[in-house]
Structure formats: structure tokens, C-alpha cells
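Dear colleague,

I am passing on the structure that we spoke about, with the sequence alongside. Please have it open while you read the notes below.

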Amino acid sequence: GDYGKLGHGNSERQRRPRQIQALQGEEVVQVSCGFKHTGAVTADGKLYMFGNGDYGRLGLASNCNKKIPEKVMSLDDFHIGQVSCGLNHTLCASSDGSRVWSFGDGDYGKLGLGNTAGRSSPTEIEALRGIGVKRVLAGTQFSVVLTNAGQVYTFGQERMLGINESFATNSTVPQLVPDLVDHHIVEVDVGAEHVVALSSAGCVFTWGMNNEGQLGVGHTNPVAGVVSVGSLDNKGIRQIAAGKSHSAFWSAPVDNPPRATSSTQLGLPSSVPAEYRRLQHLDIKVMRARLQVLSYFSDLLYSSWRLLTYDPGTSETPWHNNPLNNTHVRNVLAARVAMLPSMRAIGRTMVQGRTYGPQITVHRLSTPERPVVQPIFTQISEQVVKLPPADLRLPSRAWKIKLIGEGADDAGGVFDDTITEMCAELEQEIVPLLSKTPNGTSKSGINQDKYLINPSSGSEEHLRQYYFLGILMGVAIRTRKPLDIHLAPNFWAKLVSLPLHTVDLQNVDSFFISSIKSISSIEKSGVTADTFNEVIPIDRFQIQNSHGTVQPIVPGGEEIKLTFNNRKVFAACALKFRMEEGDEQIEAVLQGMSSIIPAPLFRFMTGEALEAWVCGKPEIDLNLLQKIVRYRDMDKGHYLIVWFWRILSRFTNEDRVALMRFVSGRSRLPSDIADVSQRFQIMKTDKCKDGLPTSQTCFFQLRLPEYSSESVMEEKLRYAIHNCRSIDADNYMLARNVESAHSGFEEHEGII
């Protein structure tokens, strides 16, 4: 009930449906709920608004909150037919569709008025007068309008318009979506940052953000232009709906036969790729020539990479002026330019003749002598950073773990399991090296599940831990065992020495960028030097860093007053501060990586490529798992094997990750099947029927007893993977792993 958005006259939560007394007696025909406000339309064409009034989103000529519905009097002379409430703006339309009004925050031009100024009262969108509007929809930073003629107009944030950059003109006024002109669109819906459209022929089109797969196109990459959801063709789709980050479709029976799957379909994609619309008008010979030029360019770089300067301190030309310091250039380079030299350097510096590195002791259990147990990350990092880097350049285990007081012999499984635990400690912020993105903290925008360097952790101890984090990443590359860690694109971009841009900051902190833009151009909202300090809550040259700690953005910033006249300087300094924060920590990570692998060659790579190299695939691919499996005492036709794969097909990715952790100690698979160093083994045991499955993490092995039914097998498997994670069955090791109460960890006596 925050801000009174439930209309009950208070801000209390309402757990059960309760009638809004202020609307009793009114015949409400439509309701729209925004993030902080609500709108209701009555049968007699009146519009009522309530909730948070910031930005003028209620259309009541003020920024005041309204805890009970209040009629929008400026529209009293019109018959309103519909309303749509977005994040911080509102659209409404007349019953006959001849007029559309907008009000609230005007960022990105989402009000459709030709500028980015906000409006606290309904303002008509002149460009839409008389075109016959069927539906209006307000997203987070964009708006969509569907006409009776089946055409779709968009305005606001450019990436949400459904228009490729080369065709976009002015995003502050309604633009026709060109890729939908040839289709009669009958329904449109919007999520937080994606759009779904349905044509009269039953075809479904989507575009926008896609981090949760909400576009239904088989991947999770954002799509700027309109793309057809080919998997829904001929399914008789009759209704569509879009949630915050998911979509739903309703179908009706169709008489058409299913699409042919004959050999004529061989080699064609299941749906039209988003890139096709940008290339379809180019001559095939031109495209082939371009590919040949790009391939030749990669060949030249690959043959001459040893001649290039990678250290900016020894080059007459600073690195930021280097043509390779550009994301677009790196995107067109063949993978071999960076990967092959890197792999050769890794191979030549690999320690040979040893299966594991130095021994590291780890205490996971508290005892009377040691009631407080340090995080595993802290224990291992304090020991590993003291070791010569050359001793850690092994193809499998960079070190061997000795678990004090536990019956586990590290033949690889304990090493893997402790690395997975360290990744979890980082993301749970038990070790304060990472912090959730501001978007994740505020639950807005993209990259909500990603983490950034914690700029507030800059002590010498923290920098040593960042150095160890770099070692971990280098070890992950050498051993081809990816880390289960979710770092934001900005982190990877800095590691490969690519410059950050405003859009990169927006992708992790949309509120910060919106605020900085508002301050920089606040005069467009009618704010003057006299009213500036009344509107802007910041009074000094200091802001919160990405971790939420207030810091000056320039030396002595806490003493410099923010004024109307120096607001643009403040905005530029704030952007520079946020782009450069964490650089010291990133440098420590790079130094750690450089001690294990040839990090300078990262400058041929994109951030996405390095992330895939270090972290592998976040999704456990069943097809990949089936390609690397080996059966012992069974074949793929055995009923246990058939049941096993059917059960896994019903598992969520979270369940599959738990299975991976259970059988291998790791939570991810490499992105390339060639990097899988160990085959997944499934074998039958003679243990009691319908018992729990067991595993040997050191050997990536799952052991299955006999089961009376598939349902029993699924029940036991689920229980085991979620409740039996302890690596403690090597009982012969208990005596060896008992350490005297007097042997202090602080002296690291376990290092060999």
C-alpha cells in the first residue's frame, strides 16, 4: 500500500481484496496499475488517479501523493476510454480513440511531446490526434500505441522502440514501427522492458530486453528490432500478455496442418534472426566481400600479434587511442586472434609432471578451540597469495585441499567444491569484495542478478584478496573448470581494457544515469538558479558510489557547493567518478590473473568472450551433458538411464546446478565441449533398492541403486542433490585430517 496506491486512504498492506470506498457507486470499466500509482476509468468517461505523485504522474498539476482516488479535472470535458500507468508516467486516450494524453516524467521523450520535459497535467500528443487509437501502453521508459488500423507507434527509450538504430529518427515523438507495417496488429502488450505483439494472422512478434528469455526467441540477448517468435507459428495464438519479465500466449485449435519438417527445411533457422532485417536489402556479393575483408583483417592481426604493444606505459601512443580499444572492432575479430596465442602461452607455461600443487589447509567446522571459522575464501587466499605463481600453473588442481576434521581425500572433488563455496561467499557478500549492482538493489532495469567490484573495499588486505580473485579466474581458465560467479558486463569490460560509456553505467545503475541527466538538463523542466536547491537534494560535489557509500567526486568535493551554474560540471565529474571507481581493485584482479595466464592478450577480446572463458555457461545444457556421459555396467537403453534423462528434462536449471554440484563439486560446464576435461560417469551399484544415489565428485561420477519406479527415483535423486552435499565419505582420511588443537591456522602450518 505504499504511497496510497491501493486507494484506501492509507499506506498499509492489504492482504485480502477490499473495495475502494471512494469509488463505491462508480461503474469502473478499466484499471491500470503502475509501480507506484494506479488509474481507474469509469463508464461515464472520468479518470481517477491515486498513489505516488512524483514527476506529476497522477496528472493533478502537483507532485503530491494521493491516498484516495481523485478525479483528473483537466480531462472532465472529455470522455476517457482507457488509461495505462508506467513506471513514472501515464497515458490515457479518449473513448473514440481520436485523442491521446500523457503526463509524468518525460525522460527519453516517452511522453511523445517532442522533448524530454515532464508534465504534471495531461498534455495531448498532437501527432496522434485523429488516427484512431485502439490501445495505449506505458512501459518503464517507453510508450506504445496501437491503432484501429493495426499499426504500432512507439516513443521513448530508443532501445525499446522496435526500430533498429539505422532507421530511428526522433524518439521523442510517436514513430511507426516499420517492421510491422505489413502486418495487421490486433493486440499489443508491454512488460517492464519488452513488447509483445499479435497479428490478425496469429503471428507473434517481440522486441526489447530479454535477460529472462521473455521474448521467446531461444536466447537471452536483447533485441532492438522486431523479431518473429517462429516457435508459435501455426499454433493458433489468440491472446497475448506480458508481465514484468515474462510473457504468456493463449491458443485456440487450428485446422492448419503442422509446418513441414522435410529436408527442404535443412539448414534454415527456426525463426528469422533479428539481424536479417538489417541485411536483407544488401547484395549477397557485397556481404561475402565484407566477410572476406574481416577475415583478412583477423589473419593480419593473428600473424602479427607479437609485434603489438600491450603495455600502455611503454607506447608512444596511449592505449585509449589504439584502434583495438573499441568494442566494435573486437566484435568483428575472429576468435582465433585472441584464443590461439593465449592457449599456446598457457601450454608453454604449464607445470608438467605434477597432478596437484601445494597443500592448503581449510577449517570448515567450528571446535571449542576454534569457535569462529573464517570464510573459506579468506583462509585459502591468505595461504595462496604467499605461494610462487609458477607453482600454481597446473592443468588440473592448482592446490590440494586438506579439510581439517573431515573425512575427505582431495582427488579433485574437494578442490572443486571449495571453489564453488568461495564463489557463493563472494555473492553472499560474506567476503566484502563484491556488491550487487544498484539495479539489483533497487529492483529496476537490467543486470539485477549481477555483481560489481565493491569500491569501498580498498584496504591492503582487500587488495590482496582481489589479487587472489584474479588467481582464481586464471586457474579457472587453466583447469577449464568455470567459476559460478555472476559479474556485471562493466567488470569484464574493464578487465579487457575497454572504455565504459554512459549506457554501460545505465545498465547497472539506471537511476543514477536518470538523475545525472535530469540535473544536467534541469532547465528544461523550468527550474532556475533560484529554485535549483529546492528541487535537487544534493548540495555538494559528492555522491554515493555503487556500493552506497557517499564519497566526494573530486578532491575536496565535500566542500564544493552544487549550484545551478556548475551543475553540468557536477554531472561530468559524477560520470567520470563512477566510470573510474573500482579501477584499483580491477588492477589487483588483473595482476592476479597475469600471474597465472597471459592477461595482456585480453586486449583482443570482448568482455563477453572473457566471461564465457572464465565462467562457462550459467545454464546446464542437457544436450552437452549427454554428449560427455559414459555408462558403466549399463547402456543408454537401460531403464535407469531412460528414467534418469527423463527426470533431468523435468528439472529446473536450479535443480540441474544442484546435480552438478552433487556429482562434481562444480556448478557450471565450460562453454566449449572441447574444454570438458572429465567425462560424466553413471554407474549401477548393489546398494539397497530405492536407496539414495551417491557420487564421487573427484571422478564426476553418479552411482544409482535399483529403483522400483521412476517417481521413487526422482524423489530420491531430488533429496540427495539438495540435502546431501557433504564430501565426507573417505573415512580412512579422518585420522590424517585431525589437527592438534594447538596448531594455529594463523601461522599456515598446513602449507606444503
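What follows goes through the strands and sheets, then a loop residue, the cores and the cysteines.

Please bear in mind that this is a predicted model, in which local features need pLDDT of at least 70 and side-chain atom pairs count only at pLDDT 80 or more, while totals for chains, interfaces and linings use all residues. Residues are numbered from 1 along each chain as its sequence is written, and side-chain values use heavy atoms, with hydrogens and water left out.

I begin with the sheets. Helices (H or I, at least four residues) and strands (E, at least two) are DSSP runs numbered from the N terminus, and two strands are said to pair if DSSP finds at least two bridges between them.

E13 pairs with strand E14 (residues 194–199) over 5 bridges in the antiparallel sense, with Glu 187 opposite Leu 198 in E14.

Strand E11 (152–156) deserves a separate look. 5 of its 5 residues are buried, that is, under 20% relative accessible area, where exposed means over 50% and partly exposed lies in between (1.4 Å probe, protein chains only). Both faces of E11 are covered, with Val 152, Thr 154 and Gly 156 on one side and Tyr 153 and Phe 155 on the other. Strand E10 (residues 142–147) is joined to E11 by 5 antiparallel bridges, and Leu 146 has Val 152 as its bridge partner in E11. The hairpin of E10 and E11 has 4 residues between the strands, and there Gly 150 takes a positive phi near 85°. E11 is also joined to E12 by 2 antiparallel bridges, with Leu 176 in E12 as the bridge partner of Tyr 153.

Thr 172 lies in the loop between E11 and strand E12 (175–176). At 10% relative accessibility, Thr 172 counts as buried, and its side chain makes a polar contact of 2.7 Å with that of Asn 170.

For the nonpolar cores (buried Ala, Val, Leu, Ile, Met, Phe, Trp, Tyr and Cys residues joined through side-chain atoms within 4.5 Å), the largest has 69 residues, of which Ile 380, Trp 399, Met 473, Leu 495, Phe 602 and Leu 610 touch the most other members. Helix H8 (residues 460–479) gives the most to this core, with 10 residues. A second, separate core of 34 residues includes Met 634, Phe 644, Phe 662 and Leu 704.

Finally, the structure holds 0 disulfides (pairs of cysteine sulfur atoms within 2.5 Å). Cys 85 is in no disulfide, and the nearest cysteine sulfur, that of Cys 33, is 7.4 Å away. At 6% relative accessibility, Cys 85 counts as buried.

With best regards

Key: Polar contact = N/O pair within 3.5 Å; in protein donor to acceptor, adjacent residues only side chain to side chain.
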